[in-house]
Amino acid sequence: MNLEDIKTVKSILSKPQKIVIIPHKNPDGDAIGSCLGLQSFLLGKGQKATVVSPNDFPKFLKWMPGSDLVLNYERENSEAKKLLEEATVVFTLDFNDLSRTGQLEAVLKEKSADFIMIDHHQQPGDYAKVTYSDVSMSSTCEMVYNFIEYLGEVDGISKDIATNLYTGIMTDTGSFKYRSTSSRTHRVVADLIDRGADNMQIHQQVFDNNSPSRLHLLGVALSNMVILPEYRTAYITLTQQELDEHDFKKGDTEGFVNYGLTLEGINFALIFIENREEGIIKISFRSIGDFSVNEFAREHFNGGGHDNAAGGRSDASMDETVERFNTILKNYKSQLNP
Ligand code: 5GP
Ligand code: MN
C-alpha cells in the first residue's frame, strides 16, 4: 500500500463508519480468516463491522473466532441486504473482481460507498477507492497483517485476530510450503504465535476432522484419477452421484486436487467436480513450476486465480468437459514438457 492509500484509509477510519466485509463465493480459510481478522480489528477500533459471505463456508472453518456471526447472503438475505444498503465502507477480501461474489455482484455494482480491496490474485479490477493488491503475497491474511502494520497498530492484534490470520496463511500456503511462502511470511506467522495463535490446535481443527465418508470419497477420487505422463498431467473426476453416495458436505473435496502433484514427474493437476444444483462442473487447477494455471483457467474455463493455483467452471456435462479438456491439452504438450 502506498503512502497516499495509507492516508486515505486512516482518514476513512478516523470517523465512525458502517462497514461490511466481503469474501469471495465459496470462501476458503484465507477468505474467512482475513475477513474475521479484519472485522475483529475494526470492532476493536470502535467501528461497526459485519462479515457478509456470498454463501456458506465449510464446517472445518466454523470454529474460527467470530465465524458464528458471519451473515450468509443466501440464508440471511434481508438482514445482509439491509446492512449493505446502510454501509459506508465495503472491504472486499481475497478476490479482485466483483464477479467472484455470485449473487452479491449486482448489489455491489450498484453500491456507492468507499470500497477497499485487499487481495493477492492476478489482474485486479478497478472498482475500489483503495486497491491494496500484491500478487507476490502468500495470502490475503498476510496482507491484512501488513494493513494493520501500515496503520501503525500491530499491537492491536489480539489472540482472536492472530488465530484468524494464522489460519488463512496456513491454509493458503499449504502449511507454509508453497512458492509464495517467504521469510517474511514466517516472521508474520511467528509474531501471530507470540500474540496468541495456538499453531498446533489450529492445525488440528482444520485438518484432523475427517469423517469416514470423506475418506471414502477421497478413495473414489484417487481411483478415478487419470494420469497422462506424456503431458505431466493428472486429473480427477467426481460426479454428483459419487458425491451423493458419500454424504458430501461443503469442504469435503478440499485438497483432493493436490494428490496429483505428489506423483513423480507430474506438474499439472486438476479436479472436475459436478455440481448439479448450479448446473456446472467446478474445476480446480494446480501446477508446479512455470506452467500458469491462471492463464489456462482464464483462457479456457472462465476462471482464474494464481500462477500455480486457479479455479474455473464449465457449463457442459462431465463427459463433454473432460473431452474438451483432453483436446485443449494437446496444444500444451511442449509447454508441459519444457
Ligand atoms: P480453488 O481451486 O481452491 O477453488 O481455487 C484456487 C484459487 O483460484 C483460489 O485462489 C481461488 O480464489 C481462485 N479461483 C477459484 N475459482 C475461481 C474462478 O472461478 N475465477 C477466478 N478468477 N478465480 C478463481
Ligand atoms: Mn487467498
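**Exercise 1.** In this predicted model, work out how much area domain 1 and domain 2 bury between them, and how much of it is on carbon and sulfur atoms.

*Solution.* Start with the total: domain 1 and domain 2 bury about 1100 Å² between them. Then split by atom type: 41% of that area is on carbon and sulfur atoms. To place the two partners on the chain, domain 1 covers 3-207 and domain 2 covers 212-336. As for who takes part, 14 residues of domain 1 and 13 residues of domain 2 make up the contact. Finally, the spacing: the domain centres, taken over C-alpha atoms, sit 27 Å apart.

**Exercise 2.** Find the salt bridge and the polar contacts that link domain 1 and domain 2.

*Solution.* First, count the salt bridges between the domains: you get one. Next, look at Glu278 and Lys25, which form a salt bridge with their closest N and O atoms 3.4 Å apart. That passes the 4 Å cut-off for a salt bridge. Now go for polar contacts: 12 residue pairs turn up across the interface, both partners at pLDDT 80 or more. Then sort the domain 1 side that touches domain 2 by class: four residues are nonpolar, six polar and four charged.

Key:
Residues are numbered from 1 along each chain as its sequence is written. Chains are lettered from A and ligands numbered from 1 in the order in which they are written. This is a predicted model: local features need pLDDT of at least 70, side-chain atom pairs count only at pLDDT 80 or more; totals for chains, interfaces and linings use all residues. Side-chain values use heavy atoms; hydrogens and water are left out. Domain bounds come from an automatic or database domain assignment. Contact means heavy atoms within 4.5 Å. Buried area is the accessible area (1.4 Å probe) that two parts lose on being put together, summed over both. A salt bridge is a side-chain nitrogen of Lys or Arg within 4 Å of a carboxyl oxygen of Asp or Glu. A polar contact is a pair of N or O atoms within 3.5 Å; within protein, one must be able to donate a hydrogen and the other to accept it, and residues adjacent in sequence count only if both atoms are side-chain atoms. Ala, Val, Leu, Ile, Met, Phe, Trp, Tyr, Cys and Pro count as nonpolar, Asp, Glu, Lys and Arg as charged, and the others, Gly among them, as polar.
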